[in-house]
Amino acid sequence: MTNIPETGRTPRVQIRLIVIQVLVFSLLLTLGGRLWYLQIRNGQEYSDEAKNNHVQQVVQPAVRGSILDARGVALADNETRLVVSASRTELMKMEDDGKSVLTRLAGVLGMKPKEVLDKVRLCDSKTPQPCWNGSPYQPIPVTDEATTQQALTIRERAEDFPGITAEPTAVRRYGAPGKANTAQVLGYLSPVTDEEITKAQDTDSPYLRSDQVGRSGLERTYDKELRGKAGVTRYEVDNLGRVIGQAKNDKAEPGSSVVTSIDARVQAVAEYELNEAMKTARQSFDKNTGENYKADSGAVVVMEAKTGRIVSMASLPNYDPNAWVGGISAKDYAKLTGKNSNFPLLNRAIQGQAAPGSIFKVISSTAAVNAGYPFNGNYPCPSSYNVGGQTFKNFESQGYGSITIGRALEVSCDTVYYGIAHKEWLKDGGMNPKKNAKDWFYRTAHQFGLGKETGIDLPNEVSGRVPDRKWKQDFYKANKDAWCKQGKKDGSYVEKIAYENCLEGDKMRAGDSVNYSIGQGDTLVTPIQMATIYAAISNGGTLYDPTVGKAIVSGDGKTVEEIKPKSHGKLPFTRKTRNQIDSALAGVATRGSAAWRFGGWPQDKIPMHAKTGTAEVYGKQTTSWFATYTKDYSIVMTISQGGTGSGASGPAVRNIYDALYGLDDSGKQDLKKALLPTPQKSLPKIQQDGSIDAPEIKPYNPDSQKTPEEQTLAATLGRRD
């Protein structure tokens, strides 16, 4: 047997051991690196994915609360419909981004493929409506009007419609009871966006991706209360997605209902009468322009004088808020926002600004008295007034001799106010004002609440404008360069005005002050501001925050949170001055500029107070204003390019009062026919299941209070002129 020397094997063994060691070390190093990558570098990501693999959430949307009128009639509620939705995340996994599936879906639903594709695309700055402005991870509704057969087809052929669902779902409904549209007051809904979800994460009312959010009106103001709290069920699942248990279940909490001070019956009357007034105005000839009045928009507010609560608020043109439910179509969106739409989404009662004309004179009268001019003093009322070579005419160039401020209110004499305003302008230093100029007319307007929001519980209210010295300075700074560039001393009217403004646009000129005293010039007010002011005159001087919401009632009906009236100030007059203005405004309705509209009115039982206004607007026809009040209500109506106050708006306001108090044309009252004999005080009772035993509202019939003989006569002669 031959012995192999040990030294001959040692090198090879050592080499093998070294190789094995290197391999083992490399494997350990690779494994360690991989573990570091998985656990440290991307540990959080995989941890989150692991959690999602083991817990899945199922969201049960909360039923949105109803919006009710003062008697419990639903202005906005919910109904169950078959909703077909598309999951964008599922569709994007397909090679063609789901186009073939959506095309097949369009065939089933009887829609055009492009219409379906447009609804599913995401909104951005370059994408026009229709598009989806909500979360891309939320099911996108394609239609909420699917038939039972369409839903069954989609569900039975699930393999042909991956990512598509057809489920019964509670959707918003705006029922327009009794044809009370109430669109701008109610507002509308649209899906929550990712940005809104992020912002609300740290609040006490976070959003879920399935939420619909109020975008305007009461839907926006009381969105938190109406929305409720969605239910979330969390299931434990294995890595194959099979449910192995339930981790947690948070039940859905239905939203609260908002009871409003709106009365659907009065709302229907106000909308009808405003529309009729505008139609009638379009048939009237404007001698200044040589064509009929355009009457392109209007608004009316009916307010409780002693509380500031809104009984009715109408704005025309209006729209159907149901158009937004389930996603708005391109055609409907163009109607609401296009250049020729006349912007029906605008609530002109709180967002429409115009010069007030003579209804502003209650403010000028107060300013004159506070400046030291006796209410019952004698003031000249000539047919015209000259200031610096410029002639300011009285309405229809009529003079009344020497009259009191009260009589000037009754007959709407402009020149009385011109004279007082001019004297005050001179006292304050004229073009070079004193350091502490009194500015009674401008100060009083601010004290009446003009130039700022009233505080109504509706979004996007505008403030109007009081063109005082500060406003003149700010406006001049903003426009000086443009005026100086455009202005010409001997140019057109517009160029001459620009030239003058370039030289002294920061000065309060005499013409500015006298024009302002009758609610003209740069003054802008809203209908809600003037309704608040006239209600305050009625109640003795208290300016209330106008409110539409009256109470919040929990979804189970157990908790009621009343929204109480709040005041934001007092009118700046004494009781004596208030009573004098009150008497003069009663005279307007009995022997002044509005008397012809209140023939037969029972003044001894229900004293009526009114003021007409016809505001001139450069480049447009006159704006019609009619401001009124009784001991119970103030009603203000305005019609853009509608003509005179008493001529265009007067008949409609009279008809609203007739319906409120149950009066016929002769002034005879029938309380059984009165819509609101007294302001409503009680709240409708909501049951624990959310139901309300509300009365039925029938469409408004303007001839319902007439006998058959009177109806025949009305049809022959036409309605009250």
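Tutor: Happy to. Let us begin with the burial scale: buried means under 20% relative accessible area, exposed over 50%, and partly exposed in between, using a 1.4 Å probe and protein chains only. What you see is a predicted model, in which local features need pLDDT of at least 70, side-chain atom pairs count only at pLDDT 80 or more, and totals for chains, interfaces and linings use all residues. Residues are numbered from 1 along each chain as its sequence is written, and side-chain values use heavy atoms, with hydrogens and water left out.

A disulfide here is a pair of cysteine sulfur atoms within 2.5 Å, and by that rule the count comes to 3. Counting bonded cysteines along the chain, the pattern is 1-2, 3-4, 5-6.

Take C123 and C131 to start with. Their disulfide has an S to S distance of 1.8 Å, and with 100° about the S-S bond the link is right-handed.

Next come C381 and C413, whose sulfur atoms lie 2.0 Å apart in a disulfide. This link is right-handed, with 120° about the S-S bond. C381 belongs to strand β15 (residues 379–381) and C413 to the loop between α15 (405–411) and α16 (414–427), so the pair ties together parts that are 32 residues apart in sequence. Helices (H or I, at least four residues) and strands (E, at least two) are DSSP runs, numbered from the N terminus. Both C381 and C413 are buried.

That leaves C484 and C502, a disulfide with its sulfur atoms 2.0 Å apart. The torsion about its S-S bond is about 95°, so this disulfide is right-handed. Here helix meets helix: C484 lies in α18 (residues 469–486) and C502 in α19 (residues 493–504), so the pair ties together parts that are 18 residues apart in sequence. C484 counts as partly exposed because its relative accessibility is 35%, whereas C502 is buried, with a relative accessible area of 18%.

For the setting, the chain holds 24 helices and 25 strands, and buried residues make up 49% of its 721 residues. Its C-alpha atoms fill a box of roughly 155 × 65 × 45 Å, taken along the principal axes.
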